[in-house]
Amino acid sequence: MLSLIGKRLLQLIPTVFFVSVIIFSLQQLLPGDPALIMAGEEKDPEVIEQIRKQYRLDQPVPVQYLYWMKGVLSGDLGESMRIKVPVADLVMEKLPVTLQLATMAMIIALVIGVGLGVVSAVKQGRAIDYAVNVFGLIGISTPNFWLGIMMIFFFAVHLGWLPASGYVSPFDDFWASMKTTIMPAFVLGNSIAGVLMRHTRSAMLQAMSSDYVRTARAKGLSEKVVIIKHAMRNALTPIITLGALEFGTLLSGAVLTEQIFTIPGFGKLIVDAVFNRDYAVVQGVVLVTATTYIVLNLLADIGYILVNPRLRG
Amino acid sequence: MTAVPVNAVQSVPDAIESPGRRAWRRLKARKSALFGLVVIVLLVIMAVFAPQIAPYDPIKQSWTLVRKAPSAAYWFGTDEVGRDLLSRIIFGARASLSAGVISVGIAILAGVPLGLLAGYAGGWVDGVIGRLTDAMLAVPFLILAIALAAFLGPSLGNAMIAIGVTATPIFVRLTRGQTLSVKNEDYVEAARAVGNPPIRIAVRHILPNILPALMVQATLTIATAIIAEASLSFLGLGQQPPLPSWGSMLNSAQRFLSNAPWMAVWPGLAIFITVISFNLLGDGLRDALDPRSK
């Protein structure tokens with residue numbers, strides 16, 4: 001088992017290297033003189049010269065990369081051109097907000113996705129199975145920013161039950177925080193509930209046609225016990241791994257969701273940075289999301305090895 | 001519909017269906033997939049003949065028509081500068097559909113050769129391509145697309161490139177996996193044995209066999225790409241004003257939710273219908289092209 005995990009860790013090194021190359025290369029895409037573009041409104045030649053020095057733009061690209069990487073490894077993601085704050089600080093400030101949103105979304109998605117997936121597998125071929133499948137298809141086909149806008153119209157503008165935008169930290173006022181985050185969390189959760197539902201359904205169908213379920217039925221256990229204790233337990237293991245992977249989708253989805261609900265998280269940070277041409281911030285956000293995703297992916301793999309007795313050496 | 005039993009000897013040659021014909025027959029039997037296909041065809045017609053179909057000029061502003069609710073003259077109502085929403089939805093199909101098709105085209109053109117190379121060559125080539133794919137997949141789809149579009153500069157063309165590049169690893173992985181699974185089949189071995197060069201084997205013998213899987217993935221990825229284009233346009237990184245796109249229409253609609261909610265309804269509905277049609281067709285194609293299913 002340890003050698004499996006070790007092998008997995010080794011495989012990570014080139015992946016992380018390529019991620020850093022991709023993110024660094026983004027700035028090579030800027031048309032024209034990068035120093036001039038990074039300076040933005042600033043046209044002072046001295047400032048431009050300083051940027052050129054700071055990012056070593058006068059040196060060959062591989063050298064620039066090495067300096068950039070050296071900074072990243074010591075936690076220096078550069079500085080925001082716009083507000084002159086280290087990117088790392090900005091990211092750390094916004095990350096908890098998005099993590100709260102993503103965690104709530106994940107809980108909602110698991111309840112809806114796994115719940116409906118199990119129901120539809122148990123009632124395979126019946127009307128409810130069909131209805132759940134249609135619901136899943138509608139879920140994955142609805143652009144979640146549109147769903148967000150329609151929910152704001154209905155629950156905030158029309159009914160006035162929930163605030164249309166804004167964010168309160170749960171440490172300041174728990175209920176106010178729930179009120180500001182429940183709609184965005186639902187919208188975000190909806191984007192992966194359909195995927196989770198489809199996978200749960202097929203995993204459950206497979207488990208229910210297996211020998212151990214037949215044995216459990218044959219020895220006279222009630223259908224409820226068979227489904228909950230035997231089929232579900234086996235079917236849900238891969239779903240937990242999938243859930244970890246779908247976390248990346250949640251981070252993606254948070255970009256638009258936070259934009260619509262004006263939530264000061266990670267997604268809003270990258271969008272504002274794009275509008276302000278604050279390229280170092282864009283790179284920083286991409287780097288942190290990619291790292292988060294890689295770590296989650298690794299944890300999911302390790303978790304899978306741990307819970308799967310066949311892989312335990 | 002009766003399937004031909006595998007072990008039955010077919011003496012009548014015209015009873016053997018070509019794979020394409022069989023797939024079409026199976027696809028037709030699936031109502032939902034057929035529905036998706038019909039809607040897509042209608043949308044394409046709408047996009048191509050937009051100037052003939054649209055009742056008004058989609059970019060003509062009128063200060064006397066600002067934010068009018070849907071009426072007999074303006075079926076979908078008008079927007080914040082008095083433009084006809086129905087005409088803008090019709091013209092907006094051009095941005096969405098072309099973005100969906102072109103970005104997936106880019107992803108296929110880049111991803112399929114890389115996947116064939118990785119799967120067929122193996123060794124360190126496979127290792128490098130594999131890790132590069134892992135790296136791209138490690139950055140969440142929309143975040144990578146936004147970053148690319150931001151650095152390339154805001155335009156519909158750049159949004160297509162950004163989405164296409166972001167979707168490339170999907171096709172690399174798929175092609176590689178499929179190539180590995182057919183690489184040691186007898187017919188590929190035979191082609192190799194008679195001295196065909198690798199490129200000919202890849203194009204003539206491997207590619208046709210992985211085409212069905214590619215078609216399914218392409219259809220489903222178009223759905224994802226259309227949502228991605230709408231998202232980028234919503235953020236101002238896609239189609240630039242005054243040209244209409246469904247994403248940017250939703251963006252301006254958000255500011256007028258309390259007094260002109262219809263502005264938000266139509267573009268979202270248009271995206272939804274287009275995306276669900278591609279998803280239905282993709283699901284149907286998967287069933288129809290699966291040689292194991294009947």
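Helix H11 of chain A, residues 266-275, is mostly covered, with 8 of its 10 residues buried. The structure described here is a predicted model. The buried residues of H11(A) are A:Phe266, A:Gly267, A:Lys268, A:Leu269, A:Ile270, A:Val271, A:Ala273 and A:Val274. Their cover includes three helices of chain A, namely H5 (87-122), H10 (223-260) and H12 (279-307). It also includes a helix of chain B, H6 (141-152). Just after H11(A), A:Arg277 adopts a positive phi of about 50°.

Helix H5 of chain A also holds A:Pro96. This proline has a relative accessible area of 47% and is therefore classed as partly exposed, since that class lies between the limits of 20% for buried and 50% for exposed. A:Pro96 and A:Met151 are 55 residues apart along the chain, and their C-alpha atoms are separated by 24 Å.

The contact between the two chains involves 42 residues from chain B and 44 residues from chain A. About 3,800 Å² is buried between chain B and chain A, and carbon and sulfur atoms give 82% of this area. On the side of chain B, B:Arg131, B:Ile143 and B:Phe151 supply 20% of the area buried against chain A, more than any other three residues.

Within chain B, helix H9 (residues 198-234) packs against helix H11 (residues 262-289) at an angle of about 165°, and the two axes are 8 Å apart. H9(B) is therefore roughly antiparallel to H11(B), because angles over 145 degrees are placed in that class. The crossing of H9(B) past H11(B) is left-handed. H9(B) contributes B:Pro212, B:Met215, B:Val216, B:Thr219, B:Leu220, B:Ile222, B:Ala223, B:Ile226, B:Ile227 and B:Ala230 to the contact. The residues contributed by H11(B) include B:Ile271, B:Val275, B:Phe278, B:Leu281, B:Leu285 and B:Leu289, and among the others are B:Asp283 and B:Arg286. Sorted by class, the contact of H9(B) with H11(B) comprises 15 nonpolar, 4 polar and 2 charged residues.

Helix H10 of chain B, residues 246-254, contains B:Ser252. The relative accessibility of B:Ser252 is 12%, so this serine counts as buried, the limit for that class being under 20%. When neighbours within four places in sequence are left aside, B:Ser252 is in contact with B:Glu80 and B:Met263.

Definitions and conventions:
Residues numbered from 1 in each chain as written. Chains lettered and ligands numbered in written order. Predicted model: local features only at pLDDT ≥ 70, side-chain atom pairs only at ≥ 80, totals over all residues. Heavy atoms only, no water. Axes fitted to C-alpha atoms, helices over the stretch in contact; angles between N-to-C directions. Helix = DSSP H or I, 4+ residues; strand = E, 2+ residues; numbered from the N terminus. Parallel < 35°, antiparallel > 145°, perpendicular 65-115°, else oblique. Left-handed = near helix turned anticlockwise from the far one by under 90°. Contact = heavy atoms within 4.5 Å. Nonpolar A, V, L, I, M, F, W, Y, C, P; charged D, E, K, R; others polar. Buried < 20%, exposed > 50% of the residue type's maximum accessible area, 1.4 Å probe, protein only. Buried area = accessible area lost by both parts, 1.4 Å probe.
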